[in-house]
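The stops below say what to pick and what to look for.

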Amino acid sequence: MKNTCLVNWFLMKFLIIGLGNIGVEYTATRHNIGFMVVDFLATQKEITFKTARLGEIAELKHKGKQIYLLKPSTYMNLSGKAVNYWLQELKIPLENCLIITDDLALPYGKIRMRGKGSDGGHNGLKNIQEVLQTQNYARMRMGIGNEFAKGKQIDYVLGEFDEEERKNLDILLKKANEAIFSFCLEGLSIAMNKFNT
């Protein structure tokens, strides 16, 4: 029995979901930083996304863990449909799922990981919560700052990173990738302690 448990842990599967909107007009926008994180990871690991039901999916093995990367094709405010489908399709427990999203409340470059919480006004998280009927899922919030004038929130979120932000974007994406691997290998609590700085 003990050996079986060790085998199950060693072969554990994880679903990492980057939130964003499909379409070239959204590719480089702040709202799409979830897509950017998983795209960066796929590039580093030299794997490619394949078009599948409700999204694009890629898979890799890392230190014995099977990790699936998902970019929903449902648009941000219907993300829950893709999340729910792939959790069931891949038979992955919710505790092995990590949602990556942008967050206006955090300064640019900051990362916050949590195991549960409200949607914080984020339409993608709101829909995931509605579909899954729970707030108890891990999320990694990527700070995009809030340097916008009154009434310009949508323009800011759907705008591209400025020149200064782009200089440090690869550093931020690499840090997010390290947090993903920590989540998969060491668990959420340790990942939070390491990356919630």
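Contact here means heavy atoms within 4.5 Å. This is a predicted model, where local features need pLDDT of at least 70, side-chain atom pairs count only at pLDDT 80 or more, and totals for chains, interfaces and linings use all residues. Residues are numbered from 1 along each chain as its sequence is written, and side-chain values use heavy atoms, with hydrogens and water left out.

**Whole chain**

Start with the cartoon. The chain has eight helices and seven strands. Both are DSSP runs, numbered from the N terminus: helices are H or I with at least four residues, strands are E with at least two. The radius of gyration is 16 Å, close to the 16 Å that the globule rule gives for 197 residues, so the chain is as compact as a globular protein of that length. That radius is taken over C-alpha atoms, and the rule is 2.2 Å times the number of residues to the power 0.38. Along its principal axes, the C-alpha trace spans about 60 × 30 × 30 Å.

Now colour by burial. Buried means under 20% relative accessible area, exposed over 50%, and partly exposed in between (1.4 Å probe, protein chains only). Of the 197 residues, 46% are buried. Among contacts with a separation of 6 or more, 70% join residues 24 or more positions apart.

**The cores**

Select I16, L69, M113, M140, M142, I180 and F183. These have the most contacts inside the largest nonpolar core, which has 37 residues. Helix α7 (residues 169-186) gives the most to this core, with nine residues. Such a core is a set of buried Ala, Val, Leu, Ile, Met, Phe, Trp, Tyr and Cys residues joined through side-chain atoms within 4.5 Å. A second, separate core has 18 residues, including I57, V83, I128 and L132.

Which residues does M142 touch? Leaving out residues up to four places away in sequence, they are I33, V37, I100, T101, D102, D103, K110, I111, L172 and A176.

**Strand β6: I111**

Go to I111, in strand β6 (residues 111-114). At 0% relative accessibility, I111 counts as buried. Beyond four places in sequence, I111 touches M140, R141, M142, L172, K175, A176, F195, N196 and T197. Now draw a distance to L185. I111 and L185 lie 74 residues apart in sequence and 18 Å apart in space, C-alpha to C-alpha.

**Helices α2 and α7**

Two packed helices are described by the angle between their axes and the distance between the axes. Show α2 (residues 33-44) with α7: they pack at an angle of about 80 degrees, with their axes 9 Å apart. The axes are lines fitted to C-alpha atoms, for helices over the stretch in contact, and angles run from 0 to 180 degrees between N-to-C directions. α2 and α7 are therefore roughly perpendicular to each other. For that label the range is 65 to 115 degrees; under 35 is roughly parallel, over 145 roughly antiparallel, and the rest oblique.

From α2, pick I33, M36, V37, F40, L41 and Q44; they meet L169, D170, L172, L173, K174, A176, N177, I180 and F181 in α7. The residues of this contact divide into eleven nonpolar, two polar and two charged. Nonpolar covers Ala, Val, Leu, Ile, Met, Phe, Trp, Tyr, Cys and Pro; charged covers Asp, Glu, Lys and Arg; the others, Gly among them, are polar.

Stay on α7 and select S182. S182 counts as buried at 5% relative accessibility. Apart from neighbours within four places in sequence, S182 is in contact with G187, I190, A191, K194 and F195.

Move to S79, in helix α3 (residues 79-89). S79 is buried, at 1% relative accessibility. Its contacts beyond four places in sequence are L19, T74, G124, N127 and I128.

Next pick K71, in strand β4. Is K71 buried or exposed? At 12% relative accessibility, K71 counts as buried. Not counting residues up to four places away, K71 touches G18, F35, V38, D39, F49, L54, G55 and E56. The C-alpha atoms of K71 and A82 are separated by 8.7 Å.

**Two loops**

Finish on backbone angles. K63 sits in the loop between β3 (55-62) and β4 (65-72). Its phi is near 50 degrees, a positive value in a residue other than glycine. K63 counts as exposed at 63% relative accessibility.

Then select Q133, in the loop between α4 (123-132) and β7 (138-143). Phi of Q133 is positive too, near 60 degrees. Q133 is exposed, with a relative accessible area of 67%.
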